[in-house]
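Dear colleague,

My notes on it follow directly after.

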Amino acid sequence: ETVAVGAPIISVAPDGVGVGAAGPAEIGVPGEDEAVEPGLIGGPAPGGRTSVLVGYGPRSTEARRRPRRGETAPAAAAAAPASAAPAPAARAQGVVAPAPAPRAASPGEGQDGVLAKPPVRKLAKDLGVELARVTPSGPGGVLTRADVERAAQGGGLGPDTGLASYGGLVPAGGLVPAGGLVPAGRAWATRAGGEREVRIPIKSVRKATAEAMVRSAFTAPHVTEWVSVDVTRTMRLIERLRARREFEGARIGPLAVVARALILAVGRHPEINATWDEAAQQIVVKHYVNLGIAAATPRGLVVPNIKDAEQLSLAELAVAIGELARTAREGRTPPTDMLGGTISITNVGVFGVDSGTPILPPGEAAILAFGQVREAAWVHKGKVRPRQVTQLALSFDHRLVDGELGSLVLADVAAILEDPALALAM
């Protein structure tokens, strides 16, 4: 039916009061000639409007604020206007009064009732932290970035989290294998309240990494080759370089030398620095090196890359690697640093691991795993001597790289690490 604006379209009555043909006047809905109290259905409202539906239309009450920390509820209620109470006439007539208007949210307060600014909420979402379980430390009960970061590392959580400790610090170097998510430095999680399991939402960086690794593992046919290397001369070279003025502040380490050796090997065998273009049915060989370095962060694994790494000296490369790892740990890696990688390194040695079989970052043809450097018995000049030894593992896409090419690249890297002077001849 077509009805006039402001005309009642539904009648509501208590139990026992029938809604019959007598019309709405019997149950308290006003007739045309009856005066209606302001604020009730059919009555006048501010601005010359008419209240027409329960809970809709013009607001006839003022918002109430919730009690602040340290303030009793009556004090907050005193600020509410008397108009918030139902009108006696409305109760007498049996008319349903308009629903109270929702209270105004405090600045920064979301639907969960937690006081936190949008950047803090985004940080909590990225870290997988539930804001309602974090103890706030800011003025007026506001959650801060420090509260969220502390909760992500196992502190500042409320009693209902089920974990007394969870999370951990990224180890020195912040580098992990690209083939898996290793929770670095995390202690055994003690359970509270008898809980035996804790469910953590899969989101943000961890979700993206998982999808990329699955896509790579089931798209590119992986092959991995290994070699053990005597790096005693490289370790001695690093000690000498650290003492030189031009390397002050570079914090040069074995990873920088391995990176330089891989870049030199790519220069001798550019076909390994390529990508498979399925749509165009082409192999794209790249004559530049965007060197990816797998890094562990509180949000999960990321593989940012150093653009045009082949143009950097050893000292510049060491500085770039240190800055890349530091930026990744702080969660400040720009999106551009995550794109366009051509070949990568994963330093599993920082965890005391000898080596592994890393999964290729999507779109890349090879990734080199660098294991821990440790003292081992080694045959040197016909005698068994203690030497500094490491293991290298090269995973490559067999569509692009055959066994010969992969072996040549791995052998070149190993030769430079065994005798760094060979780099002058490459």
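Throughout this message, contact means heavy atoms within 4.5 Å. The model is predicted, so to speak of local features a pLDDT of at least 70 is needed, side-chain atom pairs count only at pLDDT 80 or more, and totals for chains, interfaces and linings use all residues. Residues are numbered from 1 along each chain as its sequence is written, and side-chain values use heavy atoms, with hydrogens and water left out.

**The chain as a whole**

Of the 426 residues in the protein chain, 37% are buried. Here buried means under 20% relative accessible area, exposed means over 50%, and partly exposed lies in between (1.4 Å probe, protein chains only). The accessible surface of the protein chain is about 24,000 Å², and carbon and sulfur atoms hold 55% of that surface; areas come from the Shrake-Rupley method with a 1.4 Å probe, and for residues only the protein chains shown count as cover. Among contacts in the protein chain with a separation of 6 or more, 58% join residues 24 or more positions apart.

**Serine 137 and the pair of helices around it**

Serine 137 is in the loop between helix 3 (118–127) and helix 4 (145–152). Setting aside neighbours within four places in sequence, serine 137 is in contact with Val142, Thr144, Asp147 and Arg150.

Helix 3 and helix 4 pack at an angle of about 10°, and their axes are 9 Å apart. Axes are lines fitted to C-alpha atoms, for helices over the stretch in contact, and angles run from 0 to 180 degrees between N-to-C directions. Helix 3 and helix 4 are therefore roughly parallel to each other; angles under 35 degrees count as roughly parallel, over 145 as roughly antiparallel, 65 to 115 as roughly perpendicular, and the rest as oblique. Pro119, Val120, Leu123, Ala124 and Leu127 of helix 3 make the contact with Arg145, Val148, Glu149 and Ala152 of helix 4. By class, this contact has 7 nonpolar, no polar and 2 charged residues, where Ala, Val, Leu, Ile, Met, Phe, Trp, Tyr, Cys and Pro count as nonpolar, Asp, Glu, Lys and Arg as charged, and the others, Gly among them, as polar.

**Helix 7 and its two partners**

Helix 7 (residues 254–268) packs against helix 8 (residues 314–329) at about 120°, with the axes 9 Å apart. The two helices are therefore oblique to each other, and their crossing is right-handed. A crossing is right-handed if the near helix is turned clockwise from the far one by less than a right angle, and left-handed if anticlockwise. On helix 7 the residues involved are Leu255, Ala256, Val257, Ala259, Arg260 and Ile263, which meet Leu314, Leu317, Ala318 and Ile321 in helix 8. The residues of this contact comprise 9 nonpolar, no polar and 1 charged.

Helix 7 also packs with helix 9, at about 135° and with the axes 9 Å apart. This pair, too, is therefore oblique, and the crossing of helix 7 and helix 9 is right-handed. Val257, Val258, Ala261, Leu262, Leu264, Ala265 and Arg268 in helix 7 meet Val409, Asp412, Val413, Ile416 and Leu417 in helix 9. That contact divides into 10 nonpolar, no polar and 2 charged residues.

Aspartate 412 belongs to helix 9 (residues 403–418) and is buried, at a relative accessible area of 10%. Beyond residues up to four places away in sequence, aspartate 412 touches Ala265, Arg268, His269 and Met426.

**Other individual residues**

Valine 205, in helix 5 (residues 204–217), is buried at 15% relative accessibility. Valine 205 and glycine 300 are 95 residues apart along the chain, yet their C-alpha atoms are separated by 5.9 Å.

Most residues other than glycine have a negative phi. Glutamine 281, however, has a positive phi of about 55°; glutamine 281 is in the loop between strand 4 (274–277) and strand 5 (282–285) and is exposed, at 57% relative accessibility.

With kind regards

Definitions and conventions
Helices (H or I, at least four residues) and strands (E, at least two) are DSSP runs, numbered from the N terminus.
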